[in-house]
Amino acid sequence: MSIWWSLHLRREAASVPLARRLLIGTMETAGVDPEISYDLSVALSEACANAVEHGGDAAPGVSEAYRVTAYLDGEKCRIEVADTGPGFARPLDPRPARPDAEHGRGLCLIRELADHVHIGAKPGRGGTVVSFDKILKWKKDPSLLTA
């Protein structure tokens, strides 16, 4: 089975649970194991929260939106969150954030919850793309197959 969707969202806190609910609903309908769905939804929430907080610029003509795209294809789910922010001023620290740190835990969580993570600049434009994927496990009785 192959499912994909893409959302163009305003950089507002209310957009984060919207993206999360759509992902959970899609995976539930497709029959993805709830634990995998939960892990991916937490990772998506962290990536969206980063896009909302850091993903824009007050410069004229720069979008105050970000895009979320999810692909469920075969045995893997890939999620991409792309913003139009300034990107990273310095290379990311690969070490985990301290548990009491105010910032920096989101990317660590994404790395812990996903099988593969890539964080980089958008080709040809400003902004950051966070993409991550995870191998899927399936419920025994997916609702999409019984409908």
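Modeller: α1 and α2 are roughly antiparallel to each other. That label is for angles over 145 degrees; under 35 is roughly parallel, 65 to 115 roughly perpendicular, and the rest oblique. Helices here are DSSP runs of H or I with at least four residues, strands are E runs of at least two, and both are numbered from the N terminus.

Colleague: What should I know about the model itself?

Modeller: This is a predicted model: local features need pLDDT of at least 70, side-chain atom pairs count only at pLDDT 80 or more, and totals for chains, interfaces and linings use all residues. Residues are numbered from 1 along each chain as its sequence is written, and side-chain values use heavy atoms, without hydrogens or water.

Colleague: At what angle do the axes of α1 and α2 cross?

Modeller: Roughly 155°, and the two axes come within 9 Å. Axes are lines fitted to C-alpha atoms, for helices over the stretch in contact, with angles from 0 to 180 degrees between N-to-C directions.

Colleague: Is the crossing of α1 and α2 left-handed or right-handed?

Modeller: Right-handed. That is the near helix turned clockwise from the far one by less than a right angle; anticlockwise is left-handed.

Colleague: Which residues of α1 and α2 meet?

Modeller: From α1, they include Val16, Ala19, Leu23 and Met27. From α2, Leu40, Leu44, Cys48 and Val52 are among them. Contact means heavy atoms within 4.5 Å. By class, that contact has 12 nonpolar, 4 polar and 1 charged residues. Ala, Val, Leu, Ile, Met, Phe, Trp, Tyr, Cys and Pro count as nonpolar, Asp, Glu, Lys and Arg as charged, and the others, Gly among them, as polar.

Colleague: And how do α2 and α3 cross?

Modeller: α2 (residues 34-54) and α3 (residues 105-113) have axes that come within 9 Å and cross at roughly 155°. So α2 is roughly antiparallel to α3. This crossing is left-handed.

Colleague: New topic. How many residues are in the largest nonpolar core?

Modeller: 33. Such a core is a set of buried Ala, Val, Leu, Ile, Met, Phe, Trp, Tyr and Cys residues joined through side-chain atoms within 4.5 Å. Buried means under 20% relative accessible area, exposed over 50%, partly exposed in between, with a 1.4 Å probe on protein chains only. Leu40, Leu44, Tyr66, Ile79, Val81 and Phe132 have the most contacts inside this core.

Colleague: Which element gives the largest share of this core?

Modeller: α2, with 9 residues. Leu44 also touches Ala19, Leu23, Val68, Ile79 and Phe132, among others, leaving aside neighbours within four places in sequence.

Colleague: Is Ala51 buried or exposed?

Modeller: Buried, because its relative accessibility is 2%. Ala51 lies in α2. Beyond four places in sequence, Ala51 touches Arg11, Tyr66, Val81 and Asp83. Ala51 and Val130 are 79 residues apart in sequence, yet 9.3 Å apart C-alpha to C-alpha.

Colleague: Last one. What pattern does the chain follow?

Modeller: β-α-α-β-β-α-β-β-α along the sequence. That comes to 4 helices and 5 strands. Of the 147 residues, 40% count as buried.
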